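This briefing covers strand pairing and salt bridges in one structure. Please look at the sequence and the model before reading on.

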Amino acid sequence: MALPSDSGTSLQESFAVRVSSAAGRWQCELLAADADDELPALERALGEPGTAGWPGPLVLVVDSRLYFVVLRHGPGGMVRALISDATFQEHLLAAEVVERYGIPVETGTTIDDAFDADEQGRPGGDLDVLADAGLPAEELSRLLDSDELWADEVVLVIAERLGFADELRAVAAS
């Protein structure tokens, strides 16, 4: 797994961005410096399904460096969702994502439970959410299994892998 290149610029601890590709160039738009209670607004930021070219836009949210969420349109316009750690149920956005998208969480699982056994969180949702953009589920799973990277660092690795790290740094640098 490649760590984020050290450009001297780290990302904010919390942010939401819309990432899209137009004419083969990635674009990142800062939606909010903190979007922990804005799931409907994040879904609206995706736009109408099928209107934005390919690959379609995605929304990335990092909450307090602890976990991140990816939202993206799927077949038939349904929103596909991935949460890097579904155990953060006391965070409003995490709880909403888990509930709205039916992401299974073991009964009684808490943040403390997730980190007691193996020092890793529990990702949930659609691990193939970025496969057609160039990040297969197997590679994304390896990133999510890392206990060495904060959520913002994983998002930066994803951005580097897909080719929009500079654009992400431009709008979400701390």
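A residue counts as buried under 20% relative accessible area, as exposed over 50%, and as partly exposed in between. E160, with a relative accessible area of 27%, is therefore partly exposed. The model is predicted, and a search of the whole structure finds 8 salt bridges in it.

**Strands around β5**
- Strand β4 (residues 67-73) runs antiparallel to β5, and 5 bridges join the two.
- R72 has R80 in β5 as its bridge partner.
- The hairpin of β4 and β5 has 5 residues between the strands, and G76 in this hairpin takes a positive phi near 70°.
- Strand β6 (residues 124-125) also pairs with β5, in the antiparallel sense and over 2 bridges.
- In that pairing, I83 stands opposite G124 of β6.

**Salt bridge of R72**
- R72 forms a salt bridge with D132, with the closest N and O atoms 2.6 Å apart.
- This pair links distant parts of the chain, since R72 is in strand β4 and D132 is in the loop between β6 and α4 (137-144), 60 residues apart.
- R72 is buried, at 1% relative accessible area, whereas D132 is partly exposed at 37%.

**Salt bridges of R169**
- R169 meets E160 in a salt bridge of 2.8 Å, N to O.
- R169 also forms a salt bridge with D166, with the closest N and O atoms 3.4 Å apart.
- R169 and D166 both lie in helix α6 (residues 165-172), 3 residues apart, which is about one turn of the helix.
- D166 is exposed, with a relative accessible area of 59%, whereas R169 is buried at 9%.

Methods. Residues are numbered from 1 along each chain as its sequence is written. This is a predicted model: local features need pLDDT of at least 70, side-chain atom pairs count only at pLDDT 80 or more; totals for chains, interfaces and linings use all residues. Side-chain values use heavy atoms; hydrogens and water are left out. Two strands pair if DSSP finds at least two bridges between them. Helices (H or I, at least four residues) and strands (E, at least two) are DSSP runs, numbered from the N terminus. A salt bridge is a side-chain nitrogen of Lys or Arg within 4 Å of a carboxyl oxygen of Asp or Glu. Buried means under 20% relative accessible area, exposed over 50%, partly exposed in between (1.4 Å probe, protein chains only).
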